[in-house]
Amino acid sequence: MKKVFRILGYLVVLIIVIVAGLLTYVKLALPKVDAPENITFDYTAERIAHGDYLANHVTACMDCHSTRDYSKFSAPPINGTLGKGGEKFDQSAGLPGAFHARNITPAGIKRYTDGELFRLITTGVTKEGRAMFPLMPYTYYGKMDREDIYDIIAYIRSIPVIENEVLESIPDFPINFIINTIPKNAELTTRPEKSDMLAYGAYMTNASGCIECHTQVDKGQIIMEKSFAGGREFILPDGSIVRSSNITPDLETGIGKWSEQNFVQRFKLYSDSAYVNVDVAAGEFNTIMPWTMYAGMDEDDLKSIYAYLKSKPALPNPVDKFTGAK
C-alpha cells in the first residue's frame with residue numbers, strides 16, 4: 001500500500017511540474033509574433049483624412065478611446081476627450097479582468113515607432129511584447145489592408161495631444177495566461193474595389209467589427225453558428241442590460257424586410273445637423289451602439305455592408321433588447 005501511495009505521490013509531483021512548465025511557457029514564451037517592421041510612410045493630408053474617416057466612422061477607434069457620456073443616447077464621446085483613453089471595462093460589465101483603453105493621442109503613443117504601432121494594432125502585441133486582451137479588436141484589424149492601417153496611424157499621430165496617464169489593464173486568472181495564446185501574425189488583405197459590392201461589404205463589415213457585438217458568445221468566444229443573429233448582452237454603467245439586434249436577413253426577427261434605403265437611413269438619421277443625442281436617465285433604454293459615429297460612414301460603404309449582411313444565412317432569433325437596472 002505504501003508503494004502505491006508513493007507512486008501516486010510521484011504522479012502528483014509530475015503533474016504539478018508539467019502544469020507549472022506549461023504555465024511558465026505560456027507566460028514567458030508567448031505571445032509569439034513577428035518582430036515589428038521597419039515602416040516608413042508620409043503623413044499626407046490625404047492619408048490623415050482617410051484615417052480620420054476610418055477611426056471615427058468605420059473602425060470607431062475613438063468610441064472606446066475617448067470618454068463616453070452615458071447620460072446621452074448612444075453614449076457619444078465627450079468633446080475634448082478624443083483619444084485620451086481611460087475608459088474602464090471590468091468585471092461589472094462581465095469581463096474577466098479590469099481593462100483600460102489606452103491613450104492614443106500623440107502623448108500616449110509617442111514612444112512607439114510606426115512599425116511597433118502597426119504590430120500593436122494588427123496583432124495585439126505591445127512594444128514590450130505583452131499581449132492585449134482582444135476587447136481591442138486587433139483580430140479584425142489584422143485582416144485589413146496595410147494602407148488603411150497606415151492611414152489610421154497617420155491620423156492618430158495628428159490629433160490634439162492630451163496628457164492622460166491610464167491605469168494598466170489587469171486580467172483575472174486564468175485569462176492572464178490564456179491572453180498570451182491569442183495574438184498571431186496579421187493576415188493582411190487588399191481592400192476590394194467598391195464595384196465588387198459583396199467583397200467590399202465583407203471587408204467593411206470586418207473593419208467595423210459588426211460580428212463582435214451582434215453575435216452571442218460562449219466563454220468570451222463568438223459562437224460562429226450564431227453570427228450576426230444578435231442577443232449578445234452588454235451591461236451599462238447603471239446596471240441595465242442592452243442586447244444587440246439580429247442583423248441577419250431573417251424576415252421576422254432580423255433585417256429581412258429592410259430595404260437598402262431603410263438600412264442607410266437608420267444610420268443617417270444621426271448625421272442630421274439638427275439631431276441632438278437625447279438625455280437618458282438611469283434605468284431608461286440606452287445602447288452602446290455608437291450611432292453618431294457610424295452615421296458618418298459613406299452611404300456607398302453602408303450599402304455594401306447591407307448587401308453583405310443580406311447575403312448571410314437568415315437566423316431566427318427574437319431579441320429582448322433591454323432590461324432596466326433593478
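Predicted model: local features only at pLDDT ≥ 70, side-chain atom pairs only at ≥ 80, totals over all residues.
Residues are numbered from 1 along each chain as its sequence is written, and side-chain values use heavy atoms, without hydrogens or water. Local features need pLDDT of at least 70, side-chain atom pairs count only at pLDDT 80 or more, and totals for chains, interfaces and linings use all residues.

The 13 residues of α7 reach 19 Å from first to last C-alpha, close to the 18 Å expected at 1.5 Å a residue, where the expected span is 1.5 Å times one less than the number of residues. Buried residues (under 20% relative accessible area, 1.4 Å probe, protein chains only) of α7 include Ile 149, Ile 153 and Ile 156. The buried residues pack against α2, α3, α4, α5, α6 and α9, with contact meaning heavy atoms within 4.5 Å.

With α2 (residues 45–57), α7 packs at an angle of about 95°, the axes lying 7 Å apart; axes are lines fitted to C-alpha atoms over the stretch in contact, and angles run from 0 to 180 degrees between N-to-C directions. The two helices are therefore roughly perpendicular (65 to 115 degrees). Among the contacting residues are Ile 48 and Leu 54 of α2 and Tyr 150 and Tyr 155 of α7.

Elsewhere, three strands form an open antiparallel sheet in the order β6-β7-β8, pairing requiring at least two DSSP bridges. The edge strands are β6 (233–235) and β8 (322–323). Two bridges join β7 to β8, and Ile 241 has Thr 323 of β8 as its bridge partner.

Key
Helix = DSSP H or I, 4+ residues; strand = E, 2+ residues; numbered from the N terminus. Parallel < 35°, antiparallel > 145°, perpendicular 65-115°, else oblique. Buried < 20%, exposed > 50% of the residue type's maximum accessible area, 1.4 Å probe, protein only.
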